Amino acid sequence: MIFADVAGFSEITEDLTSQFVGAFHGGVAQMIDKLPNQPSFVNTWGDSFFAVFDNLDDGLELALELRDYFSGGDWTDLGLTDGMEVRISMHAGPAYEKFDPILGKLNFFGSHVNQAARIEPIVLPGSVFVSETVAALISFGYDGFDFEYVGHLELAKNFGSYPIYILQRSCI
C-alpha cells in the first residue's frame, strides 16, 4: 500500500488549483499506466493519493517514480519556486477488500491500511518511508531497491511507535 501527500500544497493559490490537479493527478496517472501491473485500487483526494498493489515490485517502482517526479520537476508555474516535494509511505499486510457504498466500488480497510496512512504524515518531504514489513520483503530478492533504518518512530494520530526505513534505489 502507498499513501502520498504533497508537502507545501497549501502554498498553491486557488487560481492554480486546476494546474496542480493536471500536474499531480496527470503525472501519477502516467506513471501508473507504465507499470506492468495496475494497482488493485487507487483513490485521490486533493493532494493525496492511495494505492493498493498485489505486486510489491510495482508499488516500489511507483513510490520512487513519484518521489523523483516531484523532486526533479519544475513547479514554478504553480508558484513553488522551491519545488514541490511529496511524502510517501509504504506498508504491506493483509487488508479487507469490501464494497464501499459511498465510492460505489471495492475499497480496502483494516489496521494495515491505517498503519500505512499513519506513516505518511511523518515522512520527510522528498522521501519514501517504509514499514519494517516492506524492508523485510525487499531484503528477500527485490533487486534494484534498498533501504536504510531511520529509527523507531512515533506514527501520526497516536498509532504507536514502529521501526521505519527509508526506501532508495540500489547503488549496484
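Q: Why is G151 called buried?
A: In this predicted model, G151 has a relative accessible area of 9%.

Q: Where does G151 sit, and what is in contact with G151?
A: G151 is part of strand β8, residues 145-154. Leaving aside neighbours within four places in sequence, G151 is in contact with Y162, P163 and I164. As for I166, G151 is 15 residues from I166 in sequence and 9.6 Å from I166 in space, C-alpha to C-alpha.

Q: How do you know whether S127 is buried or exposed?
A: Look at the relative accessible area, which is 10% for S127. The cut-off for buried is under 20%, so S127 counts as buried. S127 lies in strand β7, residues 127-131. Not counting residues up to four places away in sequence, S127 touches R67, V86, R87, I88 and I166.

Q: What makes strand β4 largely enclosed by the rest of the structure?
A: Strand β4 covers residues 85-90, and five of its six residues are buried, so the rest of the structure largely encloses β4.

Q: How do you know that β4 pairs with β1 and with β7?
A: Count the bridges. β1 (residues 2-7) and β4 have six, in the antiparallel sense, while β4 and β7 have four, in the parallel sense. Both counts meet the requirement, so both are pairs. For individual partners, V6 is bridged to V86 in β4, and M90 is bridged to V130 in β7.

Q: What makes the span of helix α1 close to the expected one?
A: Helix α1 (residues 17-34) has 18 residues and reaches 25 Å from first C-alpha to last, against the 26 Å expected at 1.5 Å a residue.

Q: Which residues of α1 are buried, and how do you know they are on the same side?
A: The buried ones are F20, A23, F24, G27, V28, M31 and I32. They cover an arc of only 145° around the axis, which puts them on the same side of α1. On the other side, S18, Q30, D33 and K34 are exposed. The buried residues of α1 pack against β1, β2 (41-45), β3 (48-52) and α2 (56-72).

Q: Why is the pair F20 and F24 called stacked?
A: A search of the whole structure finds nine aromatic pairs. In the pair F20 and F24, the ring centres are 5.4 Å apart and the planes are at 10°. Pairing asks for centres within 6.5 Å, and stacked for planes under 30 degrees apart, so F20 and F24 pass on both counts. They are four residues apart in helix α1, about one turn of the helix. F20 is buried at a relative accessible area of 1%, and F24 is buried at 1%.

Q: Why is the pair F24 and F70 called tilted?
A: The centres of the F24 and F70 rings are 5.5 Å apart, with the planes at 45°. Under 30 degrees would be stacked and over 60 edge-to-face, so this pair is tilted. The pair links distant parts of the chain, with F24 in helix α1 and F70 in helix α2, 46 residues apart.

Q: How do you know whether F70 is buried or exposed?
A: F70 has 0% relative accessibility, and buried means under 20%, so F70 counts as buried.

Q: Which residues have the most contacts inside the largest nonpolar core?
A: That core has 36 residues, and F49, L62, L66, M90 and L167 have the most contacts inside it. At least two residues of this core come from each of β1, α1, β3, α2, β4, β7, α4 (132-138) and β9. The largest share, seven residues, comes from α2. Apart from this core lies another, of nine residues, including F50, V52, F108 and A116.

Q: What is L62 in contact with?
A: Leaving aside neighbours within four places in sequence, L62 is in contact with I2, M31, I32, L35, F49 and F53.

Q: What covers the buried residues of α3?
A: In helix α3 (residues 111-119), the buried residues are V113, Q115, A116, A117 and I119. Their cover includes β1, β3, β4, β6 (105-109), β7 and β9 (161-169).

Note on methods
Residues numbered from 1 in each chain as written. Predicted model: local features only at pLDDT ≥ 70, side-chain atom pairs only at ≥ 80, totals over all residues. Heavy atoms only, no water. Buried < 20%, exposed > 50% of the residue type's maximum accessible area, 1.4 Å probe, protein only. Contact = heavy atoms within 4.5 Å. Pairing = 2+ DSSP bridges. Expected span 1.5 Å × (residues − 1). Arc of directions from axis to C-beta. Core = buried A, V, L, I, M, F, W, Y, C linked by side-chain atoms within 4.5 Å. Phe/Tyr/Trp six-rings, centres within 6.5 Å; stacked < 30°, edge-to-face > 60°.
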